[in-house]
Amino acid sequence: MAVKRYYAKSDNTITNAFEENLTTRGTGSNMGASDILEVFSIFAQANSSSAEESRALLKFNATASAGSISADRAAGTIPASGSVSFYLRMFNAKHGQTLPKDFTMDVSAITGSWDEGTGLDMETYKDKGASNWVNAQGTLAKATLVDAIDVAGAAQNDKFTMTVPTSAGGDGVTYTFLFDSGTDVEADEDANTFGISLTSVSDDADCAAVLVKAINGETDNKYKYGAANLGAGSYLAAGTIGLTAAITAGETTKITLTMDDNGQAGNVANVLSATTGFEEGSLLLITTFTGGSGPWSTAGGDYYTDASSSFSASFDNGTEDIDLDITTLVEQWVNSAGNVLGSKNDEGVGVFLSSTYSGESRSYYTKKFFGRGTEFFFKKPYIEARWDSAIKDDRGTFYFSSSLATAAENLNTLYFYNYFRGQLRNIPAVGTGNIYLSIYSGSLANTAPYGSALTLVEDGTHVTSIAPTVVTGGYVSTGIYSASFAATGTLTTLYDVWHNNGATQFHTGTIKPKVLGGSAIAPDTTYASNITNLKSVYRDDEVARFRVYTRQKDWSPTIYTKATAQAEVNIVESGSYEIYRVVDDLKVVPYGTGSTLHTQMSFDASGSYFDLDMKMLEKGYMYGIKLAFYNNSVGSWVEQPETFKFRVESRQSE
């Protein structure tokens, strides 16, 4: 299976558009329960310079404990970072309003958490709630740092700094808090420095209380503010710094800091910085504020703008869907082994007109997408994982080395599948490590390996001069191992023996080698195909494997051959599949014949095959399978004439 979909679990449209009176903006409106997502830019509707905008927010199941991208990766359902691509899929919703053309939209990661809400009204903006243009969440809370500072044992000349950025509601000034003798405090003239007189405080608890007063702008003769305000009344006004300090409940020397403003803007790091004496993790216990909720830091939503988290989708006619590679962002959400981009909170994406267009003195009207609540199963927004999972087992197309092919082309890859009671399992003695392979000729009756292992072509990687009769293979996935090598000779049968470097033999297979030859004509091979294990009905909760049998279309055996043999299986090394809904010809899984090859079929000695997750298909409908084979002679994919049909039903309806 090389296609898996993760549907949106939250979505919403937020806007600063005017309500019907063209005076009040609907910035508090919520449309989280609507089945449509809307993006627009309207200019000069209320007056000659008014601007209105709407944006779509979507969140997916990327990091939950079950049914998520990270859970499926941990289970081996999708491959490791670097071997899979993730695409955002959103589908155009037709409407009767003016549709913009020739524009781009930004798709950017959202920085903080947000609520979906239950609003429906997308016309008059009467439904209020969060998220909306102003608030990300309905619960208003201030960010805090519990036990941020501990003054127990503070010594002379100890100091730390505090800076609350303007984005978090502070003044952006760096203040220094210095613990010193009373004389040194009085003499200090450094600007923006608070001097706490250790000779004036009675104990650590008193020192903490004085520090709280200094931060909060309360007066006390046991501390003094710097040269900028020397003399009478030399204290900051309450709220100047942008946060409030208090002794932590149940403590005497520990101080908790709380931002003055509600919202996610207060969830910032590096407000406190250790300089002398105050070591992070001891006297400065925490350095990151958390828990702020309610308003966005910036009206309209908070988004990352770095290249790994922000993308662009182009629209020529305006009716296009979004099919956008956001792999770098998903890998940051999941942050599993192999990811080198760092991590980001799994909060979804915002979709909005690029600033070039939303900032113009003209309208780009409205583009609509189907939301997660739509009745149309295949129009719901989702993230699609795509990867090339094709296993190309050359056992049925094994060729002896030839000067007509390159060294790489002369390599044949064989696979070994270790099944235990019907389930793939790793070999205990091998695990995920190396496995080894040796090739033998047959006995006199040509029914079993005979004699010594054959000497193979040395390539320095799979077969070396040190051990020219041994192929070093490796782990592919759970219970599947492979080995690649080149061989010369004219034998009609070879035997591949898989082993643990000679210690234990695991499996013996049979190979019927072919000799590569040229041709005096340009071939134009046509095929007849059949899915040999096709069922009429599949359950909507199963993953089905389809076996494709292919032979030359005009195979015409003699009477003797027809009576004694079956048609030879033709292995198609480049085959792809497509799934469509029969009733309306909707392409549910289009051919993946581009860079990812995510619908490429695997093959082994019995023919081609592929797996399909029936959860991607809406139950109660009939679907068709189309096949396409790559024709090297013409340099393109050729769709085959056969169609294979089946229905998907729920387990309860069986």
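Student: Is Tyr-475 buried, exposed or partly exposed?
Tutor: The model is predicted, so local features need pLDDT of at least 70 and side-chain atom pairs count only at pLDDT 80 or more, whereas totals for chains, interfaces and linings use all residues. Residues are numbered from 1 along each chain as its sequence is written, and side-chain values use heavy atoms, with hydrogens and water left out. Buried means under 20% relative accessible area, exposed over 50% and partly exposed in between, with a 1.4 Å probe and protein chains only. Since its relative accessibility is 31%, Tyr-475 counts as partly exposed.

Student: How many aromatic pairs does a search of the whole structure find?
Tutor: Rings of Phe, Tyr and Trp (its six-membered ring) pair if their centres lie within 6.5 Å; planes under 30 degrees apart count as stacked, over 60 as edge-to-face and the rest as tilted. For the whole structure, the number of aromatic pairs found is 28.

Student: Which geometry does the pair of Tyr-475 and Tyr-481 have?
Tutor: The ring centres of Tyr-475 and Tyr-481 are 5.9 Å apart. Their planes stand at 70°, so the pair is edge-to-face.

Student: Which geometry does the pair of Tyr-577 and Phe-610 have?
Tutor: The rings of Tyr-577 and Phe-610 have their centres 4.0 Å apart. Because their planes are at 10°, the pair is stacked.

Student: How many residues apart in sequence are the parts that Tyr-577 and Phe-610 tie together?
Tutor: Helices (H or I, at least four residues) and strands (E, at least two) are DSSP runs, numbered from the N terminus. Tyr-577 lies in strand 31 (residues 575–581) and Phe-610 in strand 34 (residues 607–613). The pair therefore ties together parts whose separation in sequence, in residues, is 33.

Student: What is the relative accessible area of Phe-610?
Tutor: Tyr-577 counts as buried at 2% relative accessibility. Phe-610 is also buried, and its relative accessible area is 4%.

Student: At what distance from the ring centre of Tyr-621 is the charged end of Arg-581?
Tutor: A charge sits over a ring if NZ of Lys or CZ of Arg is within 6 Å of the ring centre and within 35 degrees of the ring normal. Arg-386 lies over the face of Tyr-87, at 3.9 Å from the ring centre. The charged end of Arg-581 sits over the ring of Tyr-621, and its distance from the centre is 5.0 Å.

Student: With which side chain does the side chain of Lys-368 make a polar contact?
Tutor: Lys-368 lies in strand 17 (residues 365–370) and is buried, with a relative accessible area of 12%. Contact means heavy atoms within 4.5 Å, and, not counting residues up to four places away in sequence, Lys-368 touches several residues, including Leu-37, Glu-38 and Phe-91. A polar contact is a pair of N or O atoms within 3.5 Å; within protein, one must be able to donate a hydrogen and the other to accept it, and residues adjacent in sequence count only if both atoms are side-chain atoms. At 2.8 Å, the polar contact of the Lys-368 side chain is with the side chain of Gln-97.

Student: Near what value is phi of Tyr-125?
Tutor: Tyr-125 has its place in the loop between strand 5 and strand 6, and is buried, with a relative accessible area of 7%. Its phi is positive in a residue other than glycine, and is near 60°.
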